[in-house]
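Hi,

Here is the structure I said I would pass on. My notes follow below it.

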Amino acid sequence: MPDTDPHRLLESFAEASKSVRRALDKLTHEQMNTRTGRVGQYGLDLVADGAALNVLRKLDVAIVSEESLYSGNDDAPVTVVLDPVDGSTNCAHGIAYYATSIAAIDADGLLCGYVVNQATGTEYRAVRGEGATRDGVRVRASEVQSVEAALVELSGLPARVLQWGQYRAFGCASLALCELANGGADGYVDGGSWHAPWDYLGGLLMCREAGATVIDARGEELVTSDPAVRRQLIGAGTEALLDVLRTAAGRR
């Protein structure tokens, strides 16, 4: 039987993330910083990918991973999109802000999502229509409407610097979106179209279930498992703030 129950999937995602953590813990500092021949890829990414897939391939699902692309059952009704280590550079440099991000897509869109900060163990889960949680506690997005009062997360340099209250650049899109869902941040802006589905799908469902809105700057569909897709994300807890942040992304 195909695996379509979101709660069962989330348990498998948590198991896969723990497998990643165990694999990373075995690496030396030198191994953490080893690069492969692929641009932007560390050896730790391949180690983490293997650890996650050892668990996820037990499911009857299709799998799309940043590191190894397609595997699993292509005919399954659920596709799992995996980033074994989002924020690989943070991980390699010992910066405690990197994640495993896993999302499931079915015929109706995003079914469930799982994101865990591998350095701290903070865990986010979301199921379509059932809300989002942080370590088991329901989360809600910020209600800040004014950009002057907002803490805005950035990925890269925006087209325009606005008079936001504060800003942060974390280097891990999945966790940054979870911060938006949790109300820790009020807005989010990408400086360009560089995020792939595995970077944002888990965090996207967290945001949607917590009441935040995340869009592509050009109006493109965000829910896709196509590994060639790159999107420029803009997000906010309120529509008023989102409208202002469009200008930071150069869309107004």
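Is A141 buried or exposed? A141 counts as buried, at 14% relative accessibility (buried is under 20% relative accessible area, exposed over 50%, partly exposed in between, with a 1.4 Å probe and protein chains only).

Before the rest, some housekeeping: this is a predicted model, where local features need pLDDT of at least 70 and side-chain atom pairs count only at pLDDT 80 or more, while totals for chains, interfaces and linings use all residues. Residues are numbered from 1 along each chain as its sequence is written, and side-chain values use heavy atoms, with hydrogens and water left out.

Back to A141: you'll find it in the loop between β8 (137–138) and β9 (151–155) (strands are DSSP E runs of at least two residues, helices H or I runs of at least four, numbered from the N terminus). Leaving out residues up to four places away in sequence, A141 touches L180, A181, G183, A210, G211, A212 and G237 (contact means heavy atoms within 4.5 Å). A248 is 107 residues from A141 along the chain, and their C-alpha atoms are 20 Å apart.

Then there's T100, which sits in strand β4 (residues 99–106). T100 is buried too, with a relative accessible area of 0%. Its side chain reaches the backbone oxygen of P84 at 2.7 Å. Beyond neighbours within four places in sequence, the contacts of T100 include S17, V20, L82, Y114 and Q118.

That's what I have so far.

Cheers

Note on methods:
A polar contact is a pair of N or O atoms within 3.5 Å; within protein, one must be able to donate a hydrogen and the other to accept it, and residues adjacent in sequence count only if both atoms are side-chain atoms.
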